[in-house]
Amino acid sequence: MNDILIKILKIIGIVVISPLVGGFLSGLDRKISARLQGRKGPSILQPFYDVRKLLQKEQIRVNSAYRFYVYLSLLFIIFTVVLIIMGGDLLLAIFVLTIGSLMFVLGGYASSSPYSNIGSERELLQMMAYEPCVLLVAIGLYYQSGSFFVKDIIAQDKPAIIYLPAIFLAFVYILTFKLRKSPFDLSMSHHGHQEIVKGITTEFSGEDLAIIEITHWYETIMALSFVYIFVAFSSPISHLYAVLACFAAFILEIIIDNACARVTWKTALSSAWGVTFFFGAANLIVLSLLSKF
Amino acid sequence: MNYIQKSPWILHYDGSSCNGCDIEVLACLTPIYDVERFGIINTGNPKHADILLITGAVNEQNINVVKQLYDQMPNPKMVVAIGICACSGGIFSECYNVIGGVDKAIPVDVYVPGCAARPESIISGVVKALGLLEEKIAKKAS
């Protein structure tokens, strides 16, 4: 009985705290980006101000269906975050994550504006680009640890990154898609606020836009939790290192974001697949050769 | 409490301006003035925007566009006319196709005169609009 109660409390904690951390990271992102561009930048709490404002605004609805998908997307992403942080099945988490991202794409299509249609198509292309790598991460982690469960993977004697350095690099490459950073911010960028680069959100206003923003906060936490899984192992101090690694990965992404221009979808797709298959295959082959001796 | 004050998102529309005021509006985003430190973002979408900045006079061609942009913005919203052309038509007011200032098409809350309006006065106009918005909301509530 007590076990269940603790679990429920843990889940509530994750659902409440992860968007707060995600929003804070998003504020930090804007601050660091501004400093890199020689500006002062907004307050670190700016994303929270934005969401609070959006929740108060009037909503303009183009039809009754398209908002529904955004809320579903949020639900699925929350489920993914809870699943990963509670130490659940990584493979299940990845598939639920895909459904969550698909719901967002459907929301874009359902709002039936030419801009949001282009945005949705770009989002689909991005999913095509990063999905193989995310799957490969799960396969690699399973191959190395013998389990798809996060709690087993981070309870090993050595961190997974020692065995899967190339897959980790490929994942960092893919992280740029997931965090919506340049050069791979084709469907929804943080910095461009014009037409196509905000395409998928064209018809969303007020509360719906706030929900999209909150979903992105959860997504940030979810994406960084993969980095965590790679670094954490049985020793307690390693969890501190894992958090630091997540933070370092995030800062690296911000710097890449500010240093790169947006690429075309063809470059994004081919480079992501190239990196995934080269690093992924090389890592798995080396790992299988090593395990023979 | 007016939450827009902390994150006013702007939509910028060029009526029939000579681009002088437009350049000054965009100059507000550069490192020297950096309006993003107040949470101001230049959106490209009326459905995301809180404040409509219009430069240039309204003419027969764009009056419907201006009206539509205004209608597509979710409430509460404010309109700031930037530059003398947007305020009254300026030197173009005598032209055969020019109707006049922006207030001929939609209700304007703040007029920022100047040719071209300085970035400082544009920022001041936006801040004034935010103050007026507070009054508007308070009036509605009482």
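**Starting at a cysteine.** I picked C133(A) and skipped its neighbours within four places in sequence; that left contacts with A170(A), F171(A), I174(A), A272(A), T276(A) and G280(A). By contact I mean that the C-beta atoms of two residues, placed from the backbone, lie within 7 Å.

**Ground rules.** This is a predicted model, where local features need pLDDT of at least 70 and side-chain atom pairs count only at pLDDT 80 or more, while totals for chains, interfaces and linings use all residues. Residues are numbered from 1 along each chain as its sequence is written, and chains are lettered from A and ligands numbered from 1 in the order in which they are written.

**The cores.** I then asked which residues have the most contacts inside the largest nonpolar core. They are V81(A), C133(A), V137(A), F171(A), I174(A), V227(A) and I229(A), in a core of 76 residues. Helix α9(A) gives the most to this core, with 17 residues. Another core lies apart from it and has 42 residues, among them A49(B), A105(B), Y111(B) and L130(B). My note on the term: a nonpolar core is a set of buried Ala, Val, Leu, Ile, Met, Phe, Trp, Tyr and Cys residues joined through C-beta atoms within 7 Å. Buried means 20 or more other C-beta atoms within 10 Å of the residue's own, exposed means 12 or fewer, and partly exposed is in between.

**Two helices in chain A.** Next I looked at α8(A) (residues 165-178) and α9(A) (residues 207-231), whose axes come within 11 Å and cross at roughly 175°. That makes the two helices roughly antiparallel, a label for angles over 145 degrees. The axes are lines fitted to C-alpha atoms, for helices over the stretch in contact, and angles run from 0 to 180 degrees between N-to-C directions. Helices here are DSSP runs of H or I with at least four residues, strands are runs of E with at least two, and both are numbered from the N terminus. On the α8(A) side I found F168(A), F171(A), L175(A) and K178(A), meeting E219(A), A223(A), F226(A) and F230(A) of α9(A). The residues of this contact divide into six nonpolar, no polar and two charged.

**Strand β5(B).** I stayed with β5(B), residues 78-82: five of its five residues are buried, so the strand is largely enclosed by the rest of the structure. M78(B), V80(B) and I82(B) point one way, V79(B) and A81(B) the other. Side chains in a regular strand alternate between the two faces of the sheet.

**A tryptophan.** W9(B) sits in β1(B) and is buried, with 21 other C-beta atoms within 10 Å. The C-alpha atoms of W9(B) and A49(B) are 4.9 Å apart, though 40 residues separate the two along the chain.

Most residues other than glycine have a negative phi, and most peptide bonds are trans. I noted a cis bond joining N75(B) and P76(B), omega about -10°, with P76(B) in the loop between α2 and β5 of chain B. Another cis bond joins C115(B) and A116(B), omega about -10°. S112(A) has a positive phi of about 45° and counts as partly exposed, with 13 C-beta neighbours inside 10 Å. N19(B) has a positive phi of about 85° and counts as exposed, with 12 such neighbours.

**Between the chains.** Last entry: the contact takes 18 residues from chain B and 26 residues from chain A. The chain B side divides into five nonpolar, eight polar and five charged.

How values were computed
Ala, Val, Leu, Ile, Met, Phe, Trp, Tyr, Cys and Pro count as nonpolar, Asp, Glu, Lys and Arg as charged, and the others, Gly among them, as polar. Angles under 35 degrees count as roughly parallel, over 145 as roughly antiparallel, 65 to 115 as roughly perpendicular and the rest as oblique.
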